[in-house]
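Reader: I would like a close look at a single part of this model, followed by an account of its surroundings. Please keep to one connected answer.

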Amino acid sequence: MDNEIELLRVLRASDLSEDTKKYLIKAVEANLSGLTQSKLDAILESSLEQNENS
Amino acid sequence: MKILSVSVRNFRLLRNFDLVLDTADNDLVFINGSNGHGKTSLLGAFQFCFFDQAIRPEDFSDASLEELRLTGRGEISVTVKLVLNQEGDFALVNRSQAVVIGDDSTLEFSGRPILDVTLAFQDPSTPSEVHPDPEFWLAQNLPSRFKSFFLFDGELMYKFFDVSVKGAIEQAVKEIAQIDLFEEILDSVRSHRNLLSSRLGKISGTDAEKLEKALATSREALSRLVSNGRQIAEQQEGAEKRQRELTKQLEAHKDAGKFLARNKELQESLDRLDSQRRAFEEAMNKEILQAGVASFLVSRADYPLKKHIKEADERGKYPANFKPEALEKLIQEDECICGRHLSESPPAKSNLERLLERSKNAGPLGAQLQIVHDSLLVSRGVAQKSSDSVVANTGLLREVRADILKLKAEKDKLEPKLEGIRGNADLIQKLSSELKSVDNELLDLKARSTRLAEDYSKAESQVKADQKKFDKATSNSSEAVDLRRKLSFLEGVIQESDGFSEKVLEGVRSRVEEFVSSHFSKVKQGKFKTQITEDFEVLTLNQDGSPAELSEGQKMLKAYIFSIALREVVGLSFPLIVDTPFGRIDERNREALAEALCQLIDPTSGSSQQVIFMMHDGEYTPYTKKHFDQVKSSENYLELIGPGNESTLKRGIDPAWFELTAWADWKKGAIK
């Protein structure tokens with residue numbers, strides 16, 4: 001029973017830049033099971049990697 | 001989320017209550033019952049289960065307690081079990097509270113209420129996972145912040161927007177928008193940025209480390225200024241709102257102010273004229289007294305004086321009207337009093353001589369009487385003068401009195417207008433004084449805001465300068481390069497996210513407004529539009545934008561629409577559970593409300609809402625049923641059984657209701 005929908009929906013529909021949007025969506029999703037610095041590090045790594053690949 | 005089943009044990013009238021719903025008819029569920037048949041007990045059971053609402057030993061079912069007392073030992077539990085369904089997954093929620101009987105036959109709780117949540121996938125009969133933190137699960141899925149919007153007593157629904165729900169609405173919207181969560185995430189991102197920055201400083205040497213610390217300090221200073229700025233902005237917003245409210249309230253009292261001012265003017269003029277009138281009257285009284293005294297003296301002295309004069313005259317002791325010297329001169333010159341006839345009329349001469357003789361004989365008595373007589377003439381003059389003055393003043397006094405009457409007439413005319421507002425004089429004074437204080441507060445806040453903007457600009461430059469120095473001092477090792485890249489990315493995220501929460505809040509607010517406005521307008525044929533202000537006040541306006549007066553039925557309808565909108569807009573779908581949903585509204589409005597609610601919960605309109613209504617015989621009638629029948633619904637009723645008045649649930653309509661005229665007519669087919 002997902003209760004994060006609204007924030008994610010708003011984030012997706014927001015006018016934030018794509019990079020920021022993707023990063024924050026990942027952070028919100030990761031927050032479901034508790035947000036640690038190592039998780040944030042992993043999200044950051046993958047965001048930067050995605051940027052490079054795109 | 002929909003409720004599939006409810007089981008209640010040992011709670012008030014519900015000793016053995018079980019409701020199992022077919023998936024086909026669980027959108028609109030009726031648990032009807034006459035007053036005293038257990039509807040409120042069921043509402044209490046839901047409140048206990050969802051929100052751990054405190055129960056008392058007396059809330060245990062009488063029959064269960066009796067059994068416990070008879071056995072004298074052991075314990076019984078109130079339990080409320082729910083099976084919830086959310087898009088194919090299930091949750092079994094069970095809250096219970098045990099009670100034991102003490103040595104002196106008193107009832108005592110045995111521990112705290114216990115909550116279990118078990119999750120099941122696809123099949124509720126095969127639970128697969130016991131949730132490790134059931135209270136957290138419940139708070140996540142049925143947040144208590146929404147309590148006012150899904151579980152309530154319908155009797156109070158018509159007052160929904162009259163009582164202060166602004167706070168509840170704001171909280172609900174914040175909950176929906178998950179502002180707190182977003183801010184927490186942003187805080188974590190900032191901490192992460194700081195951590196990486198610190199690491200970069202450490203690997204780049206002592207100087208860089210020092211510069212990094214300076215950078216962290218200037219960032220903190222900047223962050224504090226941002227926080228202060230938000231506080232000031234909030235205070236400013238609050239003060240501006242209060243300023244608008246006060247101005248509006250004073251505007252409403254504008255005429256009152258005008259009338260009160262005119263009344264004050266009139267009173268002042270009246271006081272002035274009254275004082276003039278008193279001065280005139282006082283002066284006149286003095287004159288009258290003077291004239292009176294003089295007249296009195298004249299009247300009292302006149303008669304005795306005349307008598308004395310007559311006597312003195314008879315005795316030749318009263319002076320003639322001629323002075324002896326003048327008479328002697330006349331006699332010597334042979335002239336008459338008129339100056340001509342004396343010589344021609346000898347008797348005249350003797351007359352004159354007699355007069356002369358008499359004047360000489362008059363003596364002191366005659367002279368005194370003459371003085372008294374002359375004084376009396378003076379007194380007469382005084383009395384006359386005073387009398388003349390009174391006459392003249394009477395004219396002036398009459399004018400003043402006429403003016404007073406005129407002003408009094410205007411004041412009397414003003415009186416009915418003042419009647420209702422006189423009590424407001426203090427209020428107006430208070431409002432004006434508060435407005436003045438709010439104006440000053442705003443001036444102060446604006447000044448602080450300006451100073452803060454200057455400080456912010458300086459602090460921002462400081463951060464940029466520190467950042468530049470730090471970047472220059474950091475090493476060019478591959479790790480440092482990687483860290484700089486990460487930091488730059490995070491910095492971008494942080495900067496972009498600044499103020500995003502406010503945007504989210506605004507987005508939710510405007511969507512709820514749009515939903516409520518369009519649905520309310522649809523049901524009410526476009527008569528009204530709804531506005532949710534920035535501070536979450538829900539206004540209903542006529543099409544021309546003026547505030548609308550709503551009937552109780554319309555108010556209830558709007559409250560229901562609002563409650564449903566909060567779910568619809570954000571995709572949260574916990575059930576709407578209402579005891580006596582139509583409250584005190586009349587039959588005609590009940591019917592209209594039933595029709596409108598059915599439009600809202602109609603599954604064909606894409607709604608995924610579940611509504612559970614607990615209605616009494618005045619609410620669930622053939623007239624409202626005909627609307628409910630347009631939607632698939634489950635009809636149930638509560639019936640009292642046994643000596644302990646236990647309430648049990650049955651399908652259909654209470655047979656006892658068919659004895660009521662409307663239902664009897666319906667059964668005969670007279671009501672379609």
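In which helix of chain B does Leu297(B) lie?

Author: This is a predicted model. Leu297(B) lies in helix H8 of chain B, which runs over residues 254-314. Its relative accessible area is 45%, so Leu297(B) counts as partly exposed: above the 20% limit for buried and not over the 50% needed for exposed. Leu297(B) also belongs to a nonpolar surface patch, which it makes together with Leu289(B), Val293(B) and Phe296(B). The area of that patch is about 390 Å².

The chain around this patch can be described next. Chain B has 17 helices and 14 strands. Of its 672 residues, 43% count as buried. The accessible surface of chain B is about 35800 Å², and carbon and sulfur atoms hold 51% of that area. Among contacts in chain B with a separation of 6 or more, 71% are between residues 24 or more positions apart.

From the surface one can turn to the interior. In soluble globular proteins, nonpolar side chains tend to be buried together. The largest nonpolar core here has 112 residues, and the members that touch the most others are Leu11(A), Tyr23(A), Tyr560(B), Phe562(B) and Phe628(B). Helix H11 of chain B, residues 425-473, gives the largest share of this core, with 10 residues. A second, separate core holds 47 residues, among them Leu68(B), Leu84(B), Phe150(B) and Leu151(B). As for Tyr560(B), its contacts beyond four places in sequence include Phe152(B), Gly154(B), Met157(B), Leu576(B) and Val578(B). Pro581(B), Phe582(B), Leu593(B) and Leu597(B) are also in contact with Tyr560(B).

Chain A, which supplies Leu11(A) and Tyr23(A) to the largest core, has 54 residues, of which 46% count as buried. Its secondary structure consists of 3 helices and 0 strands, in the order α-α-α along the sequence. Of the contacts in chain A between residues at least 6 apart, 22% join residues at least 24 apart. The accessible surface of chain A is about 2700 Å², with 49% belonging to carbon and sulfur atoms.

Lys486(B) sits in helix H12, residues 478-497 of chain B. Because its relative accessible area is 4%, under the 20% limit, Lys486(B) is buried. Neighbours within four places in sequence aside, Lys486(B) is in contact with Asp41(A), Leu44(A), Glu45(A) and Leu48(A) of chain A, and with Leu196(B) of chain B. Lys486(B) is thus buried, whereas Leu297(B) is partly exposed.

Definitions and conventions: Residues numbered from 1 in each chain as written. Chains lettered and ligands numbered in written order. Predicted model: local features only at pLDDT ≥ 70, side-chain atom pairs only at ≥ 80, totals over all residues. Heavy atoms only, no water. Helix = DSSP H or I, 4+ residues; strand = E, 2+ residues; numbered from the N terminus. Buried < 20%, exposed > 50% of the residue type's maximum accessible area, 1.4 Å probe, protein only. Contact = heavy atoms within 4.5 Å. Areas by Shrake-Rupley, 256 points an atom, 1.4 Å probe, with all protein chains shown as cover. Patch = residues over 30% accessible without salt bridge, like charges linked within 9 Å, V, L, I, M, F, W, Y side chains within 5 Å. Salt bridge = Lys/Arg side-chain N within 4 Å of Asp/Glu carboxyl O. Core = buried A, V, L, I, M, F, W, Y, C linked by side-chain atoms within 4.5 Å.
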